[in-house]
Amino acid sequence: MTKLSTRAQQLAAFDRLLTIMDDLRAQCPWDKKQTTESLRHLTIEETFELSDAILEGNPDEIKKELGDILLHIVFYAKIGSEEGNFDIKTLIDALCEKLIRRHPHIYGDTKADDEEAVKQNWEKIKLKEKGNTSVLGGVPKSLPALIKSMRIQEKARGVGFDWEEKSQVWEKVEEEMQEFKEEFNAANGLEIDKEKATGEFGDLLFSLINYARFIDINPEEALERTNLKFIKRFQYLENAARNSGRSLADMTLAEMDVFWNEAKKQ
């Protein structure tokens with residue numbers, strides 16, 4: 001295990017990073033050219049790379065990707081200071097003040113005995129701070145649909161709008177599944193109304209995400225783990241076919257299933 005540093009060493013390291021950022025912004029042709037807009041897509045990419053490292057459970061990669069994201073934060077703060085909007089100090093001060101405001105059970109007289117109470121307090125304070133007319137106003141419009149679904153359900157729960165028992169949520173899943181099956185049963189061979197089917201399928205997915213949230217499963221993480229599992233098994237299938245001198249394009253599904261079942265046993 002890496003030996004942890006002292007607070008003084010941590011502050012010195014942060015000061016060193018700020019100094020390097022000053023040097024790069026003043027001297028490097030690429031760094032001098034960057035704007036908040038040009039960095040945006042790179043920041044999104046770094047965030048996804050961190051997500052990959054977390055799912056892989058690789059501490060060294062997590063550390064590296066966190067460093068890249070920290071660089072971006074310092075970069076944005078540097079640009080903000082040049083434009084006279086904010087700098088790293090005002091950014092951190094604002095964050096500290098927000099954390100203090102949103103943890104009144106730590107820094108005030110509010111009581112919160114469990115995680116759920118903390119979440120509800122957080123959402124109520126956030127709603128008041130932002131002046132939103134809707135609890136859902138703080139959910140970014142550009143979030144991927146699956147994550148957005150989870151967040152709006154969490155927001156609604158924060159003000160008490162939620163099911164009481166997980167059995168109720170599962171009943172809703174079964175209800176949506178039955179409605180979809182009855183109206184769009186592939187076995188009857190009839191052409192479906194795609195727009196209506198899309199809406200019903202969305203309802204089914206929403207209810208499944210709701211149930212996952214209710215039993216403390218992150219649906220985004222669950223789906224990504226399944227994606228990674230499929231990729232690993234499919235690549236085994238490709239390699240096995242190649243090693244046997246075959247091409248997937250020339251194999252029957254039954255032949256591919258042999259290798260697929262081998263992959264499942266790995």
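Me: Is Glu-65 buried or exposed in this predicted model?
Reply: Glu-65 counts as buried, because its relative accessibility is 4% and the cut-off for buried is under 20%. The model is a predicted one.

Me: Which helix is Glu-65 in?
Reply: Glu-65 is found in α4, which covers residues 59–82.

Me: What does the side chain of Glu-65 make a polar contact with?
Reply: The partner is the side chain of Lys-64, at 2.9 Å.

Me: And which residues does Glu-65 contact beyond its neighbours within four places in sequence?
Reply: There are Glu-46, Glu-49, Leu-50 and Ala-53.

Me: New residue. Where is Gln-34?
Reply: Gln-34 sits in a loop. The loop lies between α2 (29–33) and α3 (36–56).

Me: Buried or exposed, for Gln-34?
Reply: Buried, because its relative accessible area is 8%. Again, the cut-off is under 20%.

Me: What does the Gln-34 side chain join up with?
Reply: A polar contact of 2.8 Å links it to the side chain of Ser-38. Leaving aside neighbours within four places in sequence, Gln-34 also touches Arg-25, Leu-39, Phe-75 and Ile-79.

Me: Which nonpolar core holds Phe-75 and Ile-79?
Reply: Let's take the largest core before that one. The largest nonpolar core has seven residues: Leu-237, Ala-240, Ala-241, Met-251, Met-256, Phe-259 and Trp-260. Two elements, α11 and α12 (253–265), each give two or more residues to this core. Phe-75 and Ile-79 belong to a second, separate core of five residues, which also includes Met-21 and Val-74.

Me: Back to Met-256. What is it in contact with, leaving aside neighbours within four places in sequence?
Reply: Met-256 contacts Leu-237, Leu-248 and Met-251.

Me: Zooming out, what domains does the assignment give?
Reply: Domain 1 is 14–102, domain 2 is 139–217 and domain 3 is 221–264.

Me: How far apart are the C-alpha centres of domain 1 and domain 2?
Reply: They lie 36 Å apart.

Me: What does UniProt list for residues 34–106?
Reply: The unreviewed UniProt entry lists that span as "domain: NTP pyrophosphohydrolase MazG-like". In the model, residues 34–106 are 85% helix and 0% strand. The end C-alpha atoms of the span are 40 Å apart.

Me: Now α10. What span should its 21 residues have?
Reply: At 1.5 Å a residue, α10 should span 30 Å. The end C-alpha atoms are 30 Å apart, so the two values agree.

Me: Which residues of α10 are buried?
Reply: Ala-197, Glu-200, Leu-204, Ser-207, Ile-209, Asn-210, Tyr-211, Ala-212 and Arg-213. The buried residues of α10 pack against α8, α9 (166–183) and α11.

Me: What happens at the start of α10?
Reply: A side-chain oxygen of Asp-193 comes to within 3.2 Å of the backbone nitrogen of Glu-195.

Me: And just after α10?
Reply: There, Asp-216 takes a positive phi of about 65°.

Me: What span should α8 have?
Reply: α8 has 14 residues, 145–158, so at 1.5 Å a residue it should span 20 Å. Its end C-alpha atoms are 20 Å apart, which agrees.

Me: Which α8 residues are buried, and what do they pack against?
Reply: Ser-149, Met-150, Gln-153, Lys-155, Ala-156 and Gly-158 are buried. The buried residues of α8 pack against α7 (115–130), α10 (194–214) and α11 (219–243).

Me: Which residue with a positive phi follows α8?
Reply: Gly-160, with a phi near 90°.

Methods:
Residues numbered from 1 in each chain as written. Predicted model: local features only at pLDDT ≥ 70, side-chain atom pairs only at ≥ 80, totals over all residues. Heavy atoms only, no water. Helix = DSSP H or I, 4+ residues; strand = E, 2+ residues; numbered from the N terminus. Expected span 1.5 Å × (residues − 1). Buried < 20%, exposed > 50% of the residue type's maximum accessible area, 1.4 Å probe, protein only. Contact = heavy atoms within 4.5 Å. Polar contact = N/O pair within 3.5 Å; in protein donor to acceptor, adjacent residues only side chain to side chain. Domains from an automatic or database assignment. UniProt positions renumbered as here; feature names shortened; annotations may be inferred. Core = buried A, V, L, I, M, F, W, Y, C linked by side-chain atoms within 4.5 Å.
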